[in-house]
Amino acid sequence: MSKYILRRLILIIPTLLVMSFIIFWMVRAMPADIVDALVGVDPSITPEAKAALRHSFGLDDPIPVQYLRWVTEALQGDLGKSFRTREPITKSLVASLPITLELAFLAIVMSVIVAVPLGVLSAVKRNSNVDFWARAGGLIGLAFPNFWLATMFLLITSLAFHWVPPVIWIPPDKDLVGNLIQMFLPALALSVQLMAVEMRMARASMLEVLRQDYIRTARAKGLREGVVVFKHALKNAFIPVITVIGIQMGSLLGGSVIIEQIFGLPGVGWFLLSGIFGRDYPVVQVTALFLATVFIVVNLLVDITYAYLDPRIKYS
Amino acid sequence: MDNQKQNSTLVTRREFLRGAAAVGGAAVASVMLAACGAQPTTAPAGNTPGAVIPGPTSAPAVIKPKSGGKLTWALNNDPVNLIPFGAISTSNQWGKEFMYDSLVEWDKDLNVKPALAESWTTPDDKTWVWNLRKGVKFHDGTEVTAEDVKYSIDLQRTPPPPGIVIAQYPAATLASVDVVDKYTVKFTMKSADPTVLGYLAWARYSAIIPKGAYDKMNLVTTGIGTGPFKLVEYVANDRVVYTRNKDFWKPGLPYLDDLVLKVLPDENSAVAALRSGAIDGCRVTADTARNLKNDPNIVILKGLFSAPRQLQFTIKGDGKPWNKKQVRQAMSKAINRQEIIDKVYAGEAVLTGPIPPGYGDWFIKAEELAASFYKYDVDGAKKLMADAGFANGFEITLYAISQPVEYTQIAEVVKEQLKKIGIEVKVVSEEIGPFAKRNGDGTFDFCSTGRGMRHDPTGYINEYGRPTTGSAAIWFNKGEGWKNDEAIKLYDQCVVELDSVKRHQQVRRIQEIALDEFPHITTVQPYGFHAIRKTVKDMFVDFTDFHRGLRTAWLDPAG
């Protein structure tokens, strides 16, 4: 197992190298660069001044030269500075990361708390009213885009209760309750789709497991239904749900881009988005690469969790 | 006081007029009084706002302003950085404007007023002598002296990165900045330059910072100035937090204890936050302003700001139809600007020529534009097209900025209108970055764009007077495609003309030429809207597109 993990960890390096090349090339393939984005349509900035600005960013060098410079600096631990703010990117990432991670974590927790019991109940009481409403709710949850939900939440709470979450980010270490109150709506908006997916997955896999012979055996030997469901069935039914959570982690980070913007939370998603709009290449490169790393690590963690949940799975 | 005395007693007719050459509506009486350190009591002479100019955008306070409280204002764009010099995004100024002052400032109506300089004299056409206000302190407690002014003005000419050299700055005409004594600074110009006051008053590029500040701190994210608020923190993409500068040089100001600028790009979110009181004000679109009108806790402010919309051509002498003047005239005649106002802005816009309405007394009034320059006449347009040999029309691609969506909406309206004279317009909507690149590179035939604020009227007519330099050289193929010798001659004169009357005539004539030849088709100027909580008093929609009202705004908890 540890060999397997080590191999997977080592594999991260070439993956990231390839990713870095693709990302580097892709951000430069976007039409317009930082200078165009900064200057806009201001004819008082002369072409010479624009060229000077481009030179100051090193954008007048050939792309392979720029790439090598970036990789060399990155290997020396310098991930670079934002074109726009001239601040070290690591500093901004460290500041914005906790917000996005907390958002994703809360969204997952909320989705699991609601989706898994509902999915199990829906499977156990198949074709009952509970099942019908849970499935209908799941479909509706899937159909609502999270940015729409987020906007609706704000609209409803502001009109009905004259309340919206505070607009300035409250770090949890300063005021945990205030932080959780602030993060509740954004996390809920982010979690609804995930909830729906998990609920459907939990229901389907629970149904699958409940049909297995060992469940019949468990029931035959006179175990109570609760024990059958929660001790014998749930652990197995949980594996596909974990996979879904792992896969959805990517869309959670992606979804947080919009949610962060709507709720004014200065997280990684917004950082990346403003980097893209501003053609701030170093910011996009480093943030995208960072998110790719998170994605890879989460996948690895999911695989390891499988082995824990299902002793039959052995990695070698 | 000696300086003031000298100033007020030695004003000759020439100086009087020179003063009036100040900028953006800085008119005779106000500048003269301003130079004396007094406040004008009447509306500036010569500043003759047309009917298009709205009255005060918020009701004047009848009760005495109260001090204290925290005001949170939502910005729809990140300031990106707080650099004092050479920043090129308007939102940069939104982030830093409360921290800095310049030698002079504009009042709400763009009359030049003394700021860090309490008075100034111009002993000859090429010399400006600034008498600094004594006892003004930077936020770190040190006094502002002539050395700081010299340091700042010198650096503004070659702003350190990420600053960029701004072509409009009078750097080309400024020969030297000299310290005369601790409180006196002298500018020596290479040639007469009537744009100096406007440059300083606009304050966008002309902040005064402590000598050596660039070596002592990272001015990208921090800053020290003399402004009404001291910077507490700047978090990129999130917020700028200010606190009251107790030593501000205007006694009693500012009223607010704290000012927080929160970046909220999504208008729906900002409005929700406003309704709930999480923020106290924000910019809104005309549609949102209408929706909020009936909310008892919210007040809508309306006002003009410098954002004239225009349709630009590239005229390269390559035989394309719009190289012919008649075709451009025909297109202008076929464009019903009132329909743009009604359909795109729901009536909340006015006609504009090259210089937008509200820019002092430099613009051509809407009534005159409608009567003389923008007559909607499809038959006349068809005739012009036939005369030019394009009776059957032609095809043209019109690029438009995608966000804000109004540029594309204008393009769509124009597309339908030009169909009537046989011109098939294909509208292509582009994100601002690629659009800006296309605009700068001149890789377009026709595009729907706009202009921002300028420190001097010449900033709005630059491309007509200088078709062989900068972006205009690209659009007009270094003058090979389009140029007008009279406009060039007049422009050369008006950038050195200190006589206000003559200068007004020159600027007016260049606008007339632009409105006859239509190298670009100017269209409309939308109104700007702010939505504020009713507790916020004395805020206004700033013509400069900044938020100067927040410098003097105050909170009335009773609403």
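Predicted model: local features only at pLDDT ≥ 70, side-chain atom pairs only at ≥ 80, totals over all residues.
## Contact between chains A and B

In the contact between the two chains, chain B takes part with 47 residues and chain A with 43 residues. On the side of chain B that touches chain A, at least two residues each come from strand E10 (258-263), helix H8 (267-276), helix H15 (432-441), helix H16 (458-465) and helix H17 (470-475) of chain B. Of the elements on this side, H15(B) supplies the largest share, 7 residues. Sorted by class, the residues with which chain B touches chain A comprise 22 nonpolar, 17 polar and 8 charged.

## A helix pair in chain A

Two packed helices are described by the angle between their axes and the distance between the axes. For helix H10 (residues 225-263) and helix H11 (residues 268-277) of chain A, the angle is about 85 degrees and the axes are 7 Å apart. Because angles of 65 to 115 degrees count as roughly perpendicular, H10(A) and H11(A) are therefore described as roughly perpendicular to each other.

From H10(A), the residues Leu253(A), Ser256(A), Val257(A), Glu260(A) and Gln261(A) take part in this packing, and they meet Gly269(A), Trp270(A), Leu272(A) and Leu273(A) of H11(A). The contact of H10(A) with H11(A) is made up of 5 nonpolar, 3 polar and 1 charged residues.

## Strand E11 of chain B and its partners

Strand E11 (residues 281-284) of chain B is joined to strand E1 (residues 70-75) of chain B by 2 bridges, and these two strands run parallel. With strand E19 (residues 524-533) of chain B, by contrast, E11(B) runs antiparallel, and 4 bridges join the two.

## The buried side of helix H18 in chain B

In helix H18 (residues 485-494) of chain B, the buried residues are Ala487(B), Leu490(B), Tyr491(B) and Cys494(B). These residues lie on the same side of H18(B), because the arc that they cover around the axis is only 100 degrees.

The cover over the buried residues of H18(B) includes H16 and helix H19 (500-517) of chain B.

Terms used
Residues numbered from 1 in each chain as written. Chains lettered and ligands numbered in written order. Contact = placed C-beta atoms within 7 Å. Nonpolar A, V, L, I, M, F, W, Y, C, P; charged D, E, K, R; others polar. Buried ≥ 20, exposed ≤ 12 C-beta atoms within 10 Å, placed from the backbone. Arc of directions from axis to C-beta. Axes fitted to C-alpha atoms, helices over the stretch in contact; angles between N-to-C directions. Parallel < 35°, antiparallel > 145°, perpendicular 65-115°, else oblique. Pairing = 2+ DSSP bridges.
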